[in-house]
Amino acid sequence: MLDHLVYAGPDLAAAVARVADLTGVTPAPGGSHTGLGTANHLADLGAGMYLEVIGPDPAQPDPPAPRPFGIDDLTEPALVAWAVRTTDLDATIAQARAHGFDPGDAREMSRATADGETLRWRLTPPSAPGSLRPFLIDWGTTPHPTTRGLPSLPLLMVTATHPDPASVHAATEALGLEFLVRRTEKATLTAALRTPDGRQVALS
């Protein structure tokens, strides 16, 4: 199932402000990814899903390696990636590989929350920007971020476009997922969200 959508930007505060201006909902501070040079803010999309707004962490020095999700190359915020949740990451990786999609090796991750707690999880590396292939995440025994009282921003639908939809479908079908991708010249993800005042807005 969908775990979260990733909205990344070259300036974290500006990315959060753009979501707030569009929806009327300000994502809550999540925490810092030590060593990666990033931090995030979160909003609850409903049904156990969330929106991650991520960008450079002004409290950290520049990291030795490029920040994830192509953040260092972005000129404005964009919906750039999506994560699929699993409760057995190693088995899911093996299943995907057996069906022709290699999501990469699992790695340990953690971040410190705004109240000083450390969250830990495992994931596969995010795919290259523009690929739209999902990455996998397993929260293990860590409480899911949606259990932390995040501001609500219900997700209605996710749509995608890509120059080569078959490349995306090869990944999603290997994971047993249905995900419709339309063919266009540019790869895009768009989330239809319901605002607190009942409007439907598109975040992309």
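Predicted model: local features only at pLDDT ≥ 70, side-chain atom pairs only at ≥ 80, totals over all residues.

Reader: Which residues of helix α2 are buried, and what makes them line one face of the helix?

Author: Helix α2 spans residues 89-98, and its buried residues are Leu-89, Thr-92, Ile-93 and Ala-96. Viewed down the helix axis, these buried residues fall within an arc of 100 degrees, so they line one face of α2. The elements that cover them include β7 (118-123), β8 (135-138) and α3 (165-174). After α2 comes Gly-100, with a positive phi near 95 degrees.

Reader: Why is the pair of Phe-69 and Phe-135 called tilted?

Author: The ring centres of Phe-69 and Phe-135 are 5.8 Å apart, and rings pair if their centres lie within 6.5 Å. The angle between the two planes is 50 degrees; planes under 30 degrees apart would count as stacked and those over 60 as edge-to-face, so the pair is tilted. The partners come from distant parts of the chain, 66 residues apart: Phe-69 from the loop between β4 (49-56) and β5, and Phe-135 from strand β8. Both Phe-69 and Phe-135 are buried.

Reader: What makes Trp-82 and Phe-179 a tilted pair, and which parts does this pair tie together?

Author: The centre-to-centre value for Trp-82 and Phe-179 is 4.5 Å, which meets the limit of 6.5 Å. The planes stand at 35 degrees, and the class is again tilted because stacked requires under 30 degrees and edge-to-face over 60. Trp-82 belongs to strand β5 and Phe-179 to the loop between α3 and β10 (181-183), so the pair ties together parts that are 97 residues apart in sequence. Trp-82 and Phe-179 are each buried. A search of the whole structure finds three aromatic pairs.

Reader: How do you know whether Phe-69 is buried or exposed?

Author: The relative accessibility of Phe-69 is 13%, and buried means under 20%, so Phe-69 counts as buried. Pro-66 is found in the loop between β4 and β5, which is also the place of Phe-69. The relative accessible area of Pro-66 is 70%, and the threshold for exposed is over 50%, so Pro-66 is exposed. The C-alpha atoms of Pro-66 and Gly-37 are separated by 8.9 Å, although the two residues are 29 apart along the chain.

Reader: What is the phi of Phe-69, and what is that of Leu-132?

Author: Most residues other than glycine have a negative phi. Phe-69, which is not a glycine, has a positive phi near 65 degrees. Leu-132, likewise not a glycine, has a positive phi of about 65 degrees. Leu-132 lies in the loop between β7 and β8.

Reader: What makes a space a cavity, and how many cavities of 30 Å³ or more does the structure hold?

Author: A space is called a cavity if a 1.4 Å probe fits there but cannot get out. The structure holds two cavities of 30 Å³ or more. The largest has a volume of about 200 Å³ and is lined by 21 residues, with His-33, Glu-52, Met-109, Trp-121 and Leu-123 nearest its centre. Its lining divides into 14 nonpolar, four polar and three charged residues. The second largest cavity has a volume of about 80 Å³, and among its lining residues are Phe-69 and Leu-132.

Reader: What makes a space a pocket instead, and which residues lie nearest the centre of the largest pocket?

Author: A pocket is an open set of points, with protein on both sides. The largest pocket holds about 390 Å³ of space. Of the 19 residues in its lining, Ala-78, Leu-79, Val-80, Lys-186 and Ala-187 lie nearest the centre. Strand β5 (78-85) contributes the largest share of that lining, three residues. The second largest pocket has a volume of about 160 Å³, and its lining includes Trp-82 and Phe-179. Strands β1 (2-8) and β5 each give two or more residues to that lining.

Terms used. Residues numbered from 1 in each chain as written. Heavy atoms only, no water. Buried < 20%, exposed > 50% of the residue type's maximum accessible area, 1.4 Å probe, protein only. Helix = DSSP H or I, 4+ residues; strand = E, 2+ residues; numbered from the N terminus. Arc of directions from axis to C-beta. Contact = heavy atoms within 4.5 Å. 1 Å grid on protein atoms, 1.4 Å probe; cavity = no way out; pocket = protein on both sides within 12 Å on 5 of 7 lines; lining within 4 Å. Points joined across faces, edges and corners; volume = space filled by probe spheres on them. Phe/Tyr/Trp six-rings, centres within 6.5 Å; stacked < 30°, edge-to-face > 60°. Nonpolar A, V, L, I, M, F, W, Y, C, P; charged D, E, K, R; others polar.
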